[in-house]
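Hi everyone, thanks for making time this morning. Let me bring the structure up on the screen, and then I'll walk you through a few parts of it.

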Amino acid sequence: ATPIAVMVATGRGAQLGIFLKGYQTLDTSRMVDTIVFDKTGTVTEGSLSVSQVLATDGFDADEILGLAAAVEAASEHAVGAAIAGAVDEQHHLEVADFVAEAGRGVTGVVDGRTVTVGSPRWARRASVIPADIARARKQAEERGDTVVYVTVDGTPAAMIAVADTIKDSAAPAIAGLKAAGLRTILLTGDNEGAARTVAAEVGVDEVIAEVLPDEKVETIRRLQDEGHSVGMVGDGINDGPALATADLGLAIGRGTDVAIGAADVILVRDDLRSVPAALSLAGATQRTIR
Ligand code: ADP
Ligand code: MG
């Protein structure tokens, strides 16, 4: 892009709530044919809250929520924050040997008992899940909730469902991208069921779910190897490497410093319509200046 094109685009972008970090961004934006969206905090608000706790036989739902909240108090994950926030902080029990595993869950020792809270896929390795818990999980995921399993000393103790809200700007943003001929993909570490529900509600055609944090980067690379020029929209620490790998990284302005640092474009307003706006800004600038 010419210096004048950059100046024009920068000014127009500022009006639209779009901050372009570098001058190459305009050229890259014109090439992008595929937009990959992170789910939690990007397509959804990312302010999660516990919607259901179902304990297995022999366990008490309130007690298990208390144990889970105690372990999650040290977590930096949105799911963890929701669970920790479900119990008054002054009632949090003491936790020893806290370990967080990215994309999987957390473990800690509370009152001499080892408590894990994590994705069903992760918890399932250790134990057989009772049928009623598995059924409740399926129903919750079809609502679009994230489900975690709690185990106590290796025994399944409860499922906890966590609900989020989809951003109002998501559906119009996706519609705008599709109208411009772009392919849209939802990429998430969350479960397949919730991801499909959210994708259907906002009109995203493809879903890649249950990916571990480093698999997000591999997904972007695979699309690039297939000849696509990829834009990635994300907010989380986990999204940083994928935003940096994508041809065009777009970070939610309210997102983490890691995401903002790794991106080429910052969506200053928390409005996903800025994504199609940023792409058409690049196209319009080229047409005006030539
Ligand atoms: P996302 O793409 O939604 O940011 P992550 O890769 O961070 O997903 O996490 C994937 C899944 O791992 C979550 O949906 C959840 O099931 C599980 N998980 C991750 N961290 C935690 C945690 N602190 N507590 C419970 N579950 C967790
Ligand atoms: Mg996110």
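Let's begin with the sheet: in what order do the six strands of the open sheet come? Reading across, the order is β3-β8-β7-β6-β5-β4, and the pairing is antiparallel. Please keep in mind that this is a predicted model. At the edges sit β3, residues 49–55, and β4, residues 96–101, each of which pairs on one side only. From one strand to the next, the twist averages 15°.

Let's zoom in on one pair. Strand β5, residues 105–110, runs antiparallel to strand β6, residues 113–118, and six bridges join them. If you look for V106, you'll find V117 of β6 standing opposite.

Now, the domains. The assignment gives domain 1 as 3–45 + 166–289, and domain 2 as 49–163. Taken over C-alpha atoms, their centres are 31 Å apart. Where they touch, the contact takes 13 residues from domain 1 and 13 residues from domain 2. On the domain 1 side, α3 (39–43) and α9 (192–202) each supply at least two residues, and the largest share, four residues, comes from α9. That side of domain 1 divides into four nonpolar, seven polar and two charged residues.

One last stop: helix α8, residues 170–179. Which residues are buried there? They are A170, A173, I174 and L177. These four lie on the same side of α8 because they cover an arc of only 95° around the axis. Just after α8 comes G181, which takes a positive phi of about 85°.

That's my tour, and I'm happy to take questions!

How values were computed
Residues numbered from 1 in each chain as written. Chains lettered and ligands numbered in written order. Predicted model: local features only at pLDDT ≥ 70, side-chain atom pairs only at ≥ 80, totals over all residues. Buried ≥ 20, exposed ≤ 12 C-beta atoms within 10 Å, placed from the backbone. Arc of directions from axis to C-beta. Domains from an automatic or database assignment. Contact = placed C-beta atoms within 7 Å. Nonpolar A, V, L, I, M, F, W, Y, C, P; charged D, E, K, R; others polar. Pairing = 2+ DSSP bridges. Axes fitted to C-alpha atoms, helices over the stretch in contact; angles between N-to-C directions.
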